[in-house]
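I opened this model to go through its helices, strands and sheets one at a time. The entries below are in the order in which I looked things up.

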Amino acid sequence: MDLQRLERRSPCQWMMPAQGAMRVPVVIFASEALVREMDQKVFEQACNVAMLPGIVGASYAMPDAHWGYGFPIGGVAAFDADRGGVVSAGGVGFDISCGVRCLRTGLTRADVEPVQRRLADGLFKHVPAGVGSTGAIRLNADEMDAMLCGGAKWAVQRGWGDAADLDRIEEHGQMLHAKPGEVSAQAKKRQREEMGTLGSGNHYLEVQEVAEIHDERIASAYGLARGDIVVMIHCGSRGLGHQIGTEYLREMVLAAPGHGIALPDRELACAPIRSDLGQRYLGAMRAAINCALANRQVLTHLVRQVFADVLPKARLPVLYDVSHNTCKLETHEIDGQKRQLYVHRKGATRAFGPGHPDLPEPLRAFGQPVLIGGSMGTGSYVLAGTTQSESLAYASACHGAGRAMSRHQALRTWQGRQVIDDLAAQGILVRTPSQRGVAEEAPGAYKDVSAVVDAADAAGLARKVAWLRPMVCVKG
Amino acid sequence: MTARWELFEHGADIGVRGFGDTRAEAFEQAAMAVTAVVTDPAGVEPREMVQMSCEAPDDELLLADWLNAVIYQMALRRMLFRRFEVKLEGRRLQARAWGEPASVARHHPAVEVKGATYTALRVGPAQQGGWLAQTVVDV
């Protein structure tokens, strides 16, 4: 990205004032090296977002921002319904509420090492992963609607998990005001065999070791110590979310002129929050958030079954569950005034700071856990929301490493078998139905997650707490 | 010109592009490229036939709708397609697609396609003559 047009406001914060049709400035949080590496398209897309009606504050890009559809991936923008604000299907994305859940295990590396292979094989056998895989749960029409209203709470009520899990999930496991009636029959049909499946692409299930602690105080409150074993689940709302995204994106493109909205890019398709279409989308999107929360809950149950068999002494409480692709109504303080805003996070994590009332009591004093997935080789991070994050980008942080190389190029560069063997030599066992998939997801195809996390920390978006290194990776 | 397809680069995702003498042929080839995102199309047997239809106000939305119809059938039936036959009457599309259920052992499917986006979406004359139909798909 060309730095010429950006003002540097701090070592990791860059700003371009509003110009032309932009209603607000663009603010990018990243180190100089990361900004230089960012695609110019990120800048263009962030500027386009700044043109949308009712946007408040600025159009933000997180340190892992990359070229997306309409919004950059790693984009954050908030809209005020009272000032003509919009909700954008493109600003949420196809994989609604794609996110990460972290489970603690109470185990250490020494417990897992002797059974690492058995654990890898057990997880791969028991958790459906990859293209065309199906789950064991079939939902009739009533149960589908109950799931879309209840989210993880629905799953727990059906016996897939514990009530204690729910407090450790955004929205306490259930997104309110979901409207299953606004979800098409096609979307529900696409979900029919996909409950409790991991998906493919960058989705994964990993057993990880806490390799480094960066903040002892917060790590201890989160129940993390060096050498501890955790499980990380990365997946989203499966076919249902993809179909809702597809259908509402189309409808918003067609309806935009009728709403008096000139779209700088079709993919920015949006509708006024106070319109029939805007309200229908919000209802359907919230149903998809519940689908993602329910899905990660069912996967948690499957993971617990495998651990009960291989390592029966383990208990697997949820540390936290975050969602990346959402639009949520939140209260934020702007110029000393509390305002209700619709915050879009596209490939960005909510990062509430210490004291936020939505955080469960044991975590409240320390800030929300922010779970950052890395590549198969480089590991993941746990961060914590900060007090200043609220004033920086509506309490938001990065979500992952971001790709450095296209799938196409990765496929020409690596062989899946070789990647698996190289990782095995480093003590990381990969299990996958697709070697081609592994080649496309090779660690080298991703940016350095550490640089992204360091920039988030330096910018004040979230504080670095722990670095996690994979031991087992089930790749869809 | 010979009908053909290709994939093109897009950051985290992947672009699909079809070329053909007619608009319909370019649409068929773009759908072949969607299969190629998941697996080598040459390894797919055209054993079962599925019918699809859609309608849109312009050519570009029609392409996105068509590819989304294919993606939907791939997801719902857990199938991969090897051959497509598209008939266009104005902005109305009717199609048949031949393929078989996805097999992990034979197809090594790399990734699920979530949807066709409107990014780099274009339907129009190709530089070398004939038609081009392209867009980016989310994986």
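**Entry 1: helix α17 of chain A**

I started with helix α17 of chain A, residues 449–459, and listed its buried residues: A:Val449, A:Val452, A:Val453, A:Ala455, A:Ala456, A:Asp457 and A:Ala459. I note for the record that this is a predicted model. After α17(A) comes A:Gly460, and I read a positive phi near 90° there.

**Entry 2: strand β19 of chain A**

I went on to strand β19 of chain A, residues 462–475. How many of its residues are buried? I found 13 of the 14 to be buried, so β19(A) is largely enclosed by the rest of the structure.

I then looked up the strands that pair with β19(A). Strand β8 of chain A (residues 204–213) runs antiparallel to β19(A), and nine bridges join the two. As a reference point in that pairing I took A:Tyr204, whose bridge partner in β19(A) is A:Lys475.

Strand β16 of chain A (residues 380–385) is also antiparallel to β19(A), with six bridges between them. Here I noted A:Leu383, which has A:Lys464 of β19(A) as its bridge partner.

In which sense does strand β18 of chain A (residues 429–431) pair with β19(A)? I found the parallel sense, over three bridges. A:Val430 is bridged to A:Cys473 in β19(A).

**Entry 3: helix α5 of chain A**

Next I checked helix α5 of chain A, residues 116–126, where A:Leu119, A:Ala120, A:Gly122, A:Leu123 and A:Phe124 are buried. What covers these buried residues? The cover includes α4 (109–112), β8, α11 (276–310), β18 and β19 of chain A.

**Entry 4: a seven-stranded sheet in chain A**

I traced an open sheet of seven strands in chain A and wrote down its order as β1-β2-β3-β4-β5-β13-β12, with mixed pairing. Which strands stand at the edges? They are β1 (7–10) and β12 (325–334) of chain A; each has a single partner strand, so one side of each is left without a neighbour in the sheet. I got an average twist of 25° from one strand to the next.

A:Asn325 has A:Lys346 of β13(A) as its bridge partner.

I also looked for a helix on this sheet. Helix α2 of chain A (residues 40–49) packs on the sheet and touches β3 (26–29), β4 (55–66) and β5 (73–79) of chain A. The direction of α2(A) makes about 160° with that of β4(A).

**Entry 5: chain B as a whole**

I turned to chain B and counted three helices and eight strands. From the N terminus on, I wrote the elements as β-β-α-β-α-β-β-α-β-β-β.

How does the radius of gyration fit a compact globule? Chain B has 14 Å, which agrees with the value near 14 Å for a compact globule of 139 residues. Along the principal axes, the C-alpha atoms of chain B fill a box of roughly 40 × 30 × 25 Å. I have 54% of the 139 residues down as buried. Of the contacts in chain B between residues at least 6 apart in sequence, 63% join residues at least 24 apart.

**Entry 6: two helices of chain B**

I fitted axes to helix α1 (residues 23–38) and helix α2 (residues 59–77) of chain B; they come within 10 Å and cross at roughly 45°. That makes α1(B) oblique to α2(B). The crossing is right-handed. On the α1(B) side the contact is made by B:Phe27, B:Ala30, B:Ala31 and B:Val34. On the α2(B) side I listed B:Leu63, B:Trp66, B:Leu67, B:Val70 and B:Ile71.

**Entry 7: strand β5 of chain B**

Last I took strand β5 of chain B, residues 92–101. Strand β3 of chain B (residues 48–55) pairs with β5(B) in the antiparallel sense over eight bridges, and B:Gln51 stands opposite B:Arg96. Strand β4 of chain B (residues 79–89) pairs with β5(B) over ten bridges, also antiparallel, and B:Leu80 has B:Glu100 as its bridge partner. I noted that β4(B) and β5(B) form a hairpin with two residues between them. In the turn, B:Gly90 has a positive phi of about 60°.

Technical notes: Residues are numbered from 1 along each chain as its sequence is written. Chains are lettered from A and ligands numbered from 1 in the order in which they are written. This is a predicted model: local features need pLDDT of at least 70, side-chain atom pairs count only at pLDDT 80 or more; totals for chains, interfaces and linings use all residues. A residue is buried if 20 or more other C-beta atoms lie within 10 Å of its own, exposed if 12 or fewer, and partly exposed in between; C-beta atoms are placed from the backbone. Helices (H or I, at least four residues) and strands (E, at least two) are DSSP runs, numbered from the N terminus. Two strands pair if DSSP finds at least two bridges between them. The radius of gyration is taken over C-alpha atoms; the globule rule is 2.2 Å times the number of residues to the power 0.38. Two residues are in contact if their C-beta atoms, placed from the backbone, lie within 7 Å. Axes are lines fitted to C-alpha atoms, for helices over the stretch in contact, and angles run from 0 to 180 degrees between N-to-C directions. Angles under 35 degrees count as roughly parallel, over 145 as roughly antiparallel, 65 to 115 as roughly perpendicular and the rest as oblique. A crossing is left-handed if the near helix is turned anticlockwise from the far one by less than a right angle, and right-handed if clockwise.
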